[in-house]
Amino acid sequence: MPESIRKLYPYYKDHRSFLLWGLFCLIFANALSLAYPYLLDLIVNRVIVAHEYGELPWLLAAMLGAAVAKGAFNFGQGYLAQKFGSNTAFGLRNAIYHKLNWLPFSYYDETHTGDLMSRLTLDLDAFRMFLAFGINNLVGLGLIVVFGIAYMYSMNAILATVILILMPFLAVIAIRFDTKLRPIYRTIRENLSTLNSGVQENVMGVRTVKSFAQENREIGKFNGNNGLYFTSNMEAAVLWKKFFPYIELVGNVGVVLVLGVGGYLVMTHATSLGNLVAFLSIVWFMIWPMSQLGYFLNNMTQASAAAKRLDEVLSAPQAIANTSQSEAPAARGRVSFCNVSAGFGGRAVLTNIDLDVEAGQTVALLGLTGSGKSSLVQLIPRFYDPLSGQVLLDGVDVREWSLDRLRREVAVVFQEPFLFSTTIFANIAYGKPDATVAEVERAAALADAAEFIERLPEGYSTLVGERGLGLSGGQKQRLALARAILMNPSVLILDDATSAVDMETEFRIQRALDEHLRGCTTFVIAHRISTLKRADFIVVLADGRIVARGSHDELLSQPGLYRDIFRKQFADAAQGDEFARSLWASSGGDRGWGA
Amino acid sequence: MGCVKSSQMNDRSGQTDNSNADLRSPFIYREDEALEKKFDGRQVRRLMSYLRLHPRLIVFSLVATTLGILVTLAAPYLVGKAINVAVGDKHPNTLLEYCAVLIVLYALNFFATRFRIYYTNLLGQSVIQHIREQLFHHVQFLSLKFFDERPAGSVLVRIMNDVNSMQDLFTNGVINTITNLFTLVGIIIIMLVLNWKLAILCMIVVPFMFLLSTRLTIQIRRSWQLVRLRLSRMNAHLAESIQGMRVTEAYARQAENEEFFRGVNGEYRRVFLGAQRRSIMFGPLVDLTGAIGSAVLFGYGVVELRAGLVTVGLLVAFANYLGNFWTPIAQLGQVYNQLLVAMASSERIFQYLDTAQTVADSDQAIAPETIEGRVEFRNVTFAYDSGRPALDDVSFSVTPGQTVALVGHTGAGKSTVINLLSRFYDVTDGAVLVDGQDIRSFTVESLRSRIGVVLQDTFIFTGSILDNIRFSRPGATDEEVRAAARAVHADTFIEALPQGYHTEVRERGSSLSMGQRQLLSFARALLADPRILVLDEATASIDTQTEELIQRGLARLLAGRTAFVVAHRLSTIRHADQILVFAQGKIVERGNHDSLLAARGVYRELVDAQYRMMREDSGVAVGLES
Ligand SMILES: Nc1ncnc2c1ncn2[C@@H]1O[C@H](COP(=O)(O)OP(=O)(O)OP(=O)(O)O)[C@@H](O)[C@H]1O
Ligand SMILES: Nc1ncnc2c1ncn2[C@@H]1O[C@H](COP(=O)(O)OP(=O)(O)OP(=O)(O)O)[C@@H](O)[C@H]1O
Ligand SMILES: [Mg+2]
């Protein structure tokens, strides 16, 4: 069996017994299929020709009995093999799902949803089919050939040898076929995956497609992929066309050889006519299954291409190992970065970051787009590991924390809120499924989401569509925020978590957080000065380096990005607003820009 | 439609709080609708109509297959004859002749097989390719409501898995059916000619078999439908959970999700094995009826024989034909099974194909060369779900070249205005007009290609940065793309990337920062060269510095164009010519920045919030209202 199929052995090992019992049934079913011609023979010879009418009822009963038994064995054979296939598929699916749940973020940066989907559905099914009948077919064929040839030897050694000589030809054809087919199946599976990814992405981005009326172009792209898939399938068909007829031909040549050689033997009295006829009937019996060899091999090659793609997921390196020391009591929340550098694929994104945040402090991050703010905070819950330096939580390197614990201590509100298709309640309780109703309501209230939720006809039971469909941008953000608050974390990371929320609402949220999450270390990333200002200190990032840090007032009093941005945001507001004007003056700005 | 209440019970697997079953369901997927239609000839005919597209291929496949069958039937006959005539009578030369004839026949068969394999596969693959193309084409033009109602994963299943599951039927099934039917008819005719009484007797069990299998058939069909439903559900979850994996890992939610998945997975296995069990039963059933048929034949045949009504030879011949009679029936049974599997899928495919666009071009729709950009909302009321209006009697008008800012609390209906302007949905009441004409009088394509939207939810496609920006106008030159990127100051970061504009970005742009993604989709909208530019929080994740640079550049670019801006940051909206303040689906205030500030209403409140935050924290006590 091909390497890649053997590699998945651990996944079908436990279900072997279904396979074995299935094969057991297969043997009996095959044996019983010989009973019908045998009984027919008896009926003709003994009843019809020899007029032994009394035997007829018995023979007929035997025929029905054999049919029932054969049916039962056939059913058992087919069903047990399906069970073997399905149980293995079930286990494999669970195993891959488990694996996916623990793969590092960097894996998902590189991988398409559609590609993974294609592996989990189409490839897995191709593999399952091999288990569910491919093995049985091959074994059945093997049995027929072995028993057939043994039977032939018992009848006539010379003729049997004639048939046996043909077998190596068959083997050569089969092996060449398999080697040629292998790369083609690899391509077919890949093209299928590309097609799948294309459709998946298209459906996810359907709004964008429609907003630019680009449906026709997407259709063109799809047709291209669909055509490629078609072409690669036809390549396989061309190969079948090339090899299958030869496989069939070998069997047919066998018939002619047996007829010729056997005829000669009969004529030279080396064997009897009856013997030749009987021998030929065995050849007929073997010929059809043998011509199927190509299809069966095909099935196996396809399965092995699919198995390889499954194995690729299963053996993807889990870069972040789950060390599980440090089962300390709840973290206090002191976070330190010691000379941390990080990057993606060789591109430095953060350089020499040194940062100390005391437990309970709030630190704000400001920087231009792409300056590395998100990258910095994502090191704390170990979404990525730094290239050098250390990130410490409570003085302990985060790599020494148990991943599970660490992530329960650190709650992140992602820049792009992601909601699941379930109720609002379950979405908020995503990280704490056993939260009480009161807890969830409190979290929603703190995120200023309670009001809009309660206005919905079904309140907390309202279904949210995929990716939060049916909610406005700000509503999604607030649910994501509530989800983080519910975790009652020691470190809370708000990555631009209120960008789609209006200022008034944001103001309320901030006040609530200040009041109720006092002891919680908070990282705030935002572009609005009003959001950043309340922090204990503000860190300004540029090109992955910390270029300034200090309180609002300190940063305002020195030239730099912070002051520039402050001026822009409060520039002409100063016209009508005394307070703003006072702020404005304190920053020493003038109003010489803008419209 | 609707979500499955009953099966949720299984899915919750191990929840504690029963009173809040629905509330706590880990995931809820709108169930694909179960189809309760009866097995319907029209459905089959519709399925088969796809074959009509390839008459040549069908003829070739049939000819090749028939040739193969003839050889397969002739060969044993010839061999038998050779043994009787040549071997029995010891004529070595005749034997050689027979062998030569056989070799010729087999050579013929060799080529027939080649042709058969090639043409049946070509036929099957072409039909599958065609169906998939047609389906995707249709789905692609369906309205957003369609996509709102179903998870991406379940759309994917129909286009991929459901279409694939018909492959067997079209590759071998149909051709086998035709040839088997011919063989069957041939054998029946021979048997009728030999002895019509015996022939009818043999066939008498066939109707019984059909009766017996009808019930089984119904069950098989149901269970394959169920399999498709469960598969669709499992895939919907898979697709969603893969996309949300970062959240799952961040919230250490793996254990619960794995348990949920095990439930869905197990449910799928259960229904799948159930369907298999019924399908597998079909084969033995045919075998058994075959055996009964033989028994009847011999039982009665022997009586006739003893009465001298039939000869021994006839009965023996019948016994042989009987075997040939049941083989095609058994094979037809297999194809029938394939058909049942394919039906479960094809129904789902046809259902999509029969779904009409909810937002469709009217017959008189026009595609104007260009538009001026005057926009008017006239008493627009709109509800996504009936009974919960998202916009309520909204009216406003915008002259060409104006910039309108939409502000208001989250969920007030700002994005909805934009959805209606792009005609993603049709208004429930009232009308949206562009250049004084109802937008329903334009073709959807012409309308949308005049409007450049930066959606709140940016979407970046897999591919190079260049292609991503070019998405809105595939014909744009590289230079135009670069110019658009420069206009939004995306060029600095793009050029810093390893391969610049040719850098490949992954799904959803996961290797870019949020702000960078927004810049790209901003550039994309500009490249479309729209008369109406719509920015739905297009700069929410972009720093103020860059935003200001963009604004300065845009002032020039937007001259003469109408712009809609949704934003929460003051600096983004204060220069707008017109500011519309939304609250709970209504416009509550309108004017420009200064007039609205002076009005001291809702807008003033929103603006003040920003300063209030500054004030409270810094402890400066400057009363604003005083
Ligand atoms: N997964 C990733 N793979 C490769 N590069 C990445 C990845 N994530 C971010 N980057 C790159 O790292 C740099 C910093 O990105 P980051 O998301 O930290 O920026 P940011 O400061 O949060 O920006 P924004 O304000 O736009 O969110 C960017 O240039 C981005 O392209
Ligand atoms: N596809 C949808 N189906 C059903 N309801 C929806 C859908 N999209 C939005 N809604 C609802 O319509 C209302 C208005 O939403 P809209 O997206 O227009 O708000 P918004 O003003 O843009 O808010 P934000 O500033 O948060 O983006 C909200 O209550 C929202 O829940
Ligand atoms: Mg970021």
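Modeller: Two residues are in contact when they have heavy atoms within 4.5 Å. By that rule, 183 residues of chain B are in contact with 195 residues of chain A. This is a predicted model, where local features need pLDDT of at least 70, side-chain atom pairs count only at pLDDT 80 or more, and totals for chains, interfaces and linings use all residues. Residues are numbered from 1 along each chain as its sequence is written, chains are lettered from A and ligands numbered from 1 in the order in which they are written, and side-chain values use heavy atoms, with hydrogens and water left out.

Now the area. Buried area is the accessible area (1.4 Å probe) that two parts lose on being put together, summed over both. Chain B and chain A bury about 17700 Å² between them. Of that, 64% is on carbon and sulfur atoms.

Next come the charged pairs. A salt bridge is a side-chain nitrogen of Lys or Arg within 4 Å of a carboxyl oxygen of Asp or Glu. The rule finds 7 salt bridges across the interface of chain B and chain A. One of them joins B:D457 to A:K476, with the closest N and O atoms 3.5 Å apart.

Which helix of chain B gives the most to the side that touches chain A? Helix α11 (residues 254–306) does, with 28 residues. Helices here are DSSP runs (H or I, at least four residues), as strands are (E, at least two), and both are numbered from the N terminus. The side of chain B that touches chain A divides into 89 nonpolar, 52 polar and 42 charged residues. Ala, Val, Leu, Ile, Met, Phe, Trp, Tyr, Cys and Pro count as nonpolar, Asp, Glu, Lys and Arg as charged, and the others, Gly among them, as polar.

Look at one residue that touches both chains. A:R478 is found in helix α18 (residues 473–486) of chain A. Leaving aside neighbours within four places in sequence, its contacts include A:D448, A:F452 and B:T410. A:R478 is buried, at 4% relative accessible area. Buried means under 20% relative accessible area, exposed over 50%, and partly exposed in between (1.4 Å probe, protein chains only).

A:D448 has a partner of its own. A:D448 forms a salt bridge with A:R508, the closest N and O atoms being 3.1 Å apart. A:D448 lies in the loop between α16 (437–446) and α17 (450–455) of chain A, and A:R508 in helix α19 (residues 503–516), so the pair ties together parts 60 residues apart in sequence. A:D448 is buried, at 12%. A:R508 is partly exposed, at 33%.

Compare a pair within one helix. A:R128 and A:D125 form a salt bridge, their closest N and O atoms 2.9 Å apart. Both lie in helix α7 (residues 113–155) of chain A, 3 residues apart, about one turn of the helix. A:R128 is buried, at 7%, while A:D125 is partly exposed, at 24%.

The side chains of B:R470 and B:D478 meet in a salt bridge (3.2 Å, N to O). B:R470 is buried, at 16%, and B:D478 is partly exposed, at 31%.

Over all chains, a search of the whole structure finds 50 salt bridges.
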